[in-house]
Amino acid sequence: MKNSNIDNRDMQTLKKLKRSEEMRYFVYILTFICFFLVISVNQEVIVKSWSQEDKEIDPSEIPDEKPEGMSEEDWWQLKAKKPLPYDKGPSTIDISNYTKEIQDIYTKVYTPKCSKCHTIARAINAPYALPDEWMSYIKKMMKKPGSGINPKAAKSIYKFCVYDSEIRKKDLIAKKLAEKKQADNK
Ligand code: HEC
């Protein structure tokens, strides 16, 4: 009788132990899931707040001159937030029929480099089409402090812009050339 009592108790302790071990695993898994959820939710919140920060700058509050004490680099970033009409156009180019080299420039150089300060839409929809125009604009952008555009990247971007304009802005090029001719004839 005594013996079986002990056995019973032992069994119960064993069961309890087993259950507590199961519980422990359960808690581990639960903690892991919660941790994962919190991180992913937070990340979304952070990313959203970043993108909102950009949008929340009131353009009318951007001064015309660099405020005292602001670094040149910050100033150009801020200045670039002044909206231009071209910002509102499409923000991608259909490059499916472009050559492989041009496609690579588009994804690896043009898009990341030219969207650093302002929308890529600005670069895509600006009314520049002639090689000379691109040359002077890309040079201008390259020289801005903190542009992160080196001469090699600038050359590639120039190549892309000229190629892209010949396809997307054929009419504009014809118009600009005709205007040039007319001006020359005067
Ligand atoms: C260092 C920040 C910076 C980078 C990088 C940059 N831009 Fe700009 N961009 C500006 C600012 C600021 C303006 C507003 C006009 C100004 O102040 O010159 C602007 C304006 C423009 C305009 C409109 C110009 C106008 O007034 O009609 C075009 C087009 C443009 N950028 C194209 C590009 C292209 C293409 C690239 C990539 C080669 C590029 N940007 C990279 C800062 C930048």
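1. From the N terminus on, the elements run α-α-α-α-α-α-α, and the count is 7 helices and 0 strands. Both kinds are DSSP runs numbered from the N terminus (helices H or I, at least four residues; strands E, at least two). Bear in mind that this is a predicted model: local features need pLDDT of at least 70, side-chain atom pairs count only at pLDDT 80 or more, and totals for chains, interfaces and linings use all residues. Residues are numbered from 1 along each chain as its sequence is written.

2. On overall dimensions, the C-alpha atoms fill a box of roughly 125 × 45 × 30 Å along the principal axes. Of the 186 residues, 11% count as buried (20 or more other C-beta atoms within 10 Å of a residue's own, with C-beta atoms placed from the backbone).

3. Now the helix pair. The axes of helix 3 (residues 100-114) and helix 6 (residues 151-168) come within 9 Å and cross at roughly 115°; axes are lines fitted to C-alpha atoms over the stretch in contact, with angles from 0 to 180 degrees between N-to-C directions. Helix 3 and helix 6 are therefore roughly perpendicular (65 to 115 degrees).

4. Who touches whom? Helix 3 brings Ile102, Ile105, Tyr106, Val109, Tyr110, Lys113 and Cys114, while helix 6 supplies Ala153, Ser156, Ile157, Lys159, Phe160 and Tyr163. Contact here has C-beta atoms, placed from the backbone, within 7 Å.

Conventions. Angles under 35 degrees count as roughly parallel, over 145 as roughly antiparallel, 65 to 115 as roughly perpendicular and the rest as oblique. Two residues are in contact if their C-beta atoms, placed from the backbone, lie within 7 Å. A residue is buried if 20 or more other C-beta atoms lie within 10 Å of its own, exposed if 12 or fewer, and partly exposed in between; C-beta atoms are placed from the backbone.
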